[in-house]
Amino acid sequence: MLPEEFLKVPEVPEGRVEMPLMPLRDLVIFPTMVIPIFVGRSFSIRSVEEALKRDRLIFLVLQRDRDKEEPTQEDLYGVGTVAHIIRSASIEENRLKVLVQGIKRARLIEYKKSGDYYSAVVEIIQEEEIAPEKLSSEAKAYIRSVKEQLDTAVSLGKQVLPDLLMLIRDLEEPGRLADLTASILEIKSQEAQKALETVDHLERLKLVHQYLQSEVGLLEVQSKIRGVAREKIEKEQREYFLRQQLKAILEELGESDERKAEIEEYRKKLLKLKLSKEVREEIEKQIKRLEKLHPESAEAGVLRTWIEWVLELPWNKATKDRYDLEKAREILDRDHYNLEKVKDRIVEYLAVKKLTRGKSHAVQILCFVGPPGVGKTSLGRSIAESLGRKFVRISLGGIRDEAEIRGHRRTYVGAMPGRIVQAVKQAGTKNPLIVLDEVDKISVSFQGDPSAALLEVLDPEQNKNFVDLYIGLPFDLSDVFFICTANRVDTIPRPLLDRMEVIYLSGYSEEEKVFIAKSHLLPKLLPEHGFKDGQVLFTDEAILEVIRGYARESGVRNLYRQLSSILRKLALRRLKGEELPFRVHASDIKSFLGVSKRHGISEERPMVGIAVGLAWTEIGGEVMIIEATKFKGKGSLILTGSLGDVMKESAQAALSYIKSKAEDYGIDPDVFSSVDVHIHVPEGAVPKDGPSAGITIATALFSLFTGRDTRTNVAMTGEITLRGRVLPVGGLKEKILAAKRAGIYEVILPSKNKEEVLEDLPSYVREKMNLHFVENLDEVFKIVFEEIGL
């Protein structure tokens, strides 16, 4: 039973009454309800003290905004409860604990400040209870249902004082039953206020019945969750049980504060993106799916990763192209020497963009082809800087899986987008400059052909809606500036090559290398090795000696390494106490780099059965000596030196031509049937192919059968026919530079290549070279064998 003092309810006058007022935060007091209240605000403490001086009655009313420190009448609800202060005790300085009992509802009429506390004029709301025998069937049904629901709640674990529960069970008055039941429910203060303001007994009971049903439903779910969790953790510690219970709650509700924040963050990012309707709907659909999934499920992890990838792509973020043609040219000239064709092409592209105000979608896929070390990749970086675009490099060498380009489907474990989408994300803009490095070294395997996947990427008509298999949404690549690099074009698939504008970068001459070393390489290397400008001085002859003896390749990469080696040795000397500045002369190079690697082909004496040819390889031009010999046999032709089919056919054609013209050249026609001919190209471990060695093989065979010595200070290249005509070949600039590096300054070339050679070859190289342009083999023989008299 409740203590006797709780039941002594003082009389409350009817009509309007003035009494102290205390606003409440998040707490609603019902009539007959007994509850302790902690009072902290100074004016509330004074209201309690004033009530204790009078009749211990105080008006308690809920304030609308709990954070309002001193509420006005507009901040208070219109209905509250007149309560009786049973006890009051000070628990600490400026803080009270007050035990109150609600008595009657009252309507707030006037709210005013009386000194240092608030008082109110309230109108008591009179409630007439209905006798049990006069209750309607509906009221009786609700009374019974409320009691049954309350018993169910208690059985599900709701904590209710036994005395209070017994009192509720004995009640048959709808209004009082509703008040007592509402006082023990875990409902929001606004819902409780609504019940307090409902004067009609039956309507109030219906409302409380609805609240009770909701709480019973939550208790049933909670009980179910506890049961599920208990089955999982029967043998585990209590701490683990609590964690599992939390997981079960999240599983039942399907959400948590963290997940809500995560989903909300995704939606905020989506709103900021300018997307097509279809793409936006798909992303929104996947976000809704993630919202419904369990946060720890494998599918949720995959979906979360996909959403993050999609939202981080630069769908509508782009850098503004810089259309300053002079500035662009200045940057290109600063970083690279010569390469005029490439520089002109970039400036032309900018000019078109400037004239069309950036609206032109002209083909902008370039392919730089040239030997290693001539600056193909670094040229792409300079172009990006001149355009004001982000730069990203993708290495395609050795790629054999199509998914590296298109991405993996999300169904696979560890799936990721392809390298193209990764590069765009890395750049952070939709219009970066992407260099596809080593496009000629893509492999084909059972996993697909990556070069076929690149067809869509590099086609301006198709890449507007490029679909990566992982992303699964169309992404516009038409604003991306693609630049490919390769050492050779014959290994690039024809359909892929057709989509690119090929620009050939030739190797550097000795003069160009000297200039590059002085203007680019040494200014970069000196600070890297601890030297300042002027502390190490290279003479032009010293740099030339390094180039001729140790760095004879087409590019400057090996020259960079050799200069680094010299500077390392000078750094060591400096630490040993030698004085600055260091002067490097040509005579010092051998002591720094060891024995020279130069090959003196031009210094070999004339011989029978040899000829000096020129070849083009993916690392630049090369000089090769072709040897021929004959011995007793049956007219067979032996070919060695790792020769390809085309080169073998050139040898057959050369021999056939010599046989057909044997009498004209003073050769006994019967000799061909009594000897075997062996043609060999040294460096047999290196594969060789192509038709350009035709005139070289024919010259070696002519020397062999006529017994004339071949001059070794003249090199040649050109394809031949059975009629002895000399046909044009490619790679002539690299071949001429290779001859010059080898010390050969006289070169025989096809006449149909004359205009190309004169245009591409720098004037300072042409001046030093003696170039012969020929149309047939007779002209070749007259040059090589000066006294032949054909």
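In which sense do strands β9 and β12 pair, and over how many bridges? Strand β9 (residues 433-437) pairs with β12 in the parallel sense, over four bridges. The model is a predicted one, in which local features need pLDDT of at least 70 and side-chain atom pairs count only at pLDDT 80 or more, whereas totals for chains, interfaces and linings use all residues. Residues are numbered from 1 along each chain as its sequence is written, and side-chain values use heavy atoms, with hydrogens and water left out.

Confidence is given as pLDDT (the predictor's confidence in each residue, from 0 to 100). The protein chain averages a pLDDT of 84, and 92% of the residues score at least 70. Where pLDDT is low, the predicted coordinates should not be read in detail.

Strand β12 (residues 481-486) is mostly covered, with six of its six residues buried; buried denotes under 20% relative accessible area, exposed over 50%, and partly exposed the range in between (1.4 Å probe, protein chains only). Phe481, Ile483 and Thr485 point one way from β12, Phe482, Cys484 and Ala486 point the other way, and all are buried. Strands are taken to pair if DSSP finds at least two bridges between them.

Val675 of β20 is the bridge partner of Lys632. Strand β19 (residues 637-640) pairs with β20 in the parallel sense over four bridges, and Leu637 stands opposite Val677.

In helix α4 (residues 162-170), Leu164, Leu165 and Ile168 are buried. These residues cover an arc of only 100 degrees around the axis, which puts them on the same side of α4; the arc is that of the directions from the helix axis to the C-beta atoms. The buried residues of α4 pack against α3 (137-155) and α5 (174-184), while Pro162 and Asp170 are exposed on the other side. In helix α12 (residues 325-335), the residues Ala328, Ile331 and Leu332 are buried. Their arc, seen down the axis, is within 95 degrees, so they line one face of α12. The elements covering them include α13 (340-355) and α14 (376-387). At the start of α12, a side-chain oxygen of Asp324 reaches to within 3.3 Å of the backbone nitrogen of Glu326.

Helix α16 (residues 419-427) has Ile420, Val421, Ala423, Val424 and Ala427 as its buried residues. They fall within an arc of 160 degrees when seen down the axis, so they line one face of α16. Just after this helix, Gly428 takes a positive phi of about 80 degrees.

Nonpolar cores were defined as sets of buried Ala, Val, Leu, Ile, Met, Phe, Trp, Tyr and Cys residues joined through side-chain atoms within 4.5 Å. The largest has 69 residues, and those with the most contacts inside it are Leu21, Ile37, Phe59, Leu60, Val82 and Val122. Apart from this core lies another, of 55 residues, among them Ile287, Leu303, Tyr470 and Leu473.

Arg711 is placed in the loop between β21 (709-710) and β22 (714-716) and counts as buried at 15% relative accessibility. Its side chain makes a polar contact with the side chain of Asn713 at 3.3 Å; such a contact is a pair of N or O atoms within 3.5 Å, where within protein one must be able to donate a hydrogen and the other to accept it, and residues adjacent in sequence count only if both atoms are side-chain atoms. The side chain of Arg711 also reaches the backbone oxygen of Ile783 at 2.8 Å.

Methods: Helix = DSSP H or I, 4+ residues; strand = E, 2+ residues; numbered from the N terminus. Contact = heavy atoms within 4.5 Å.
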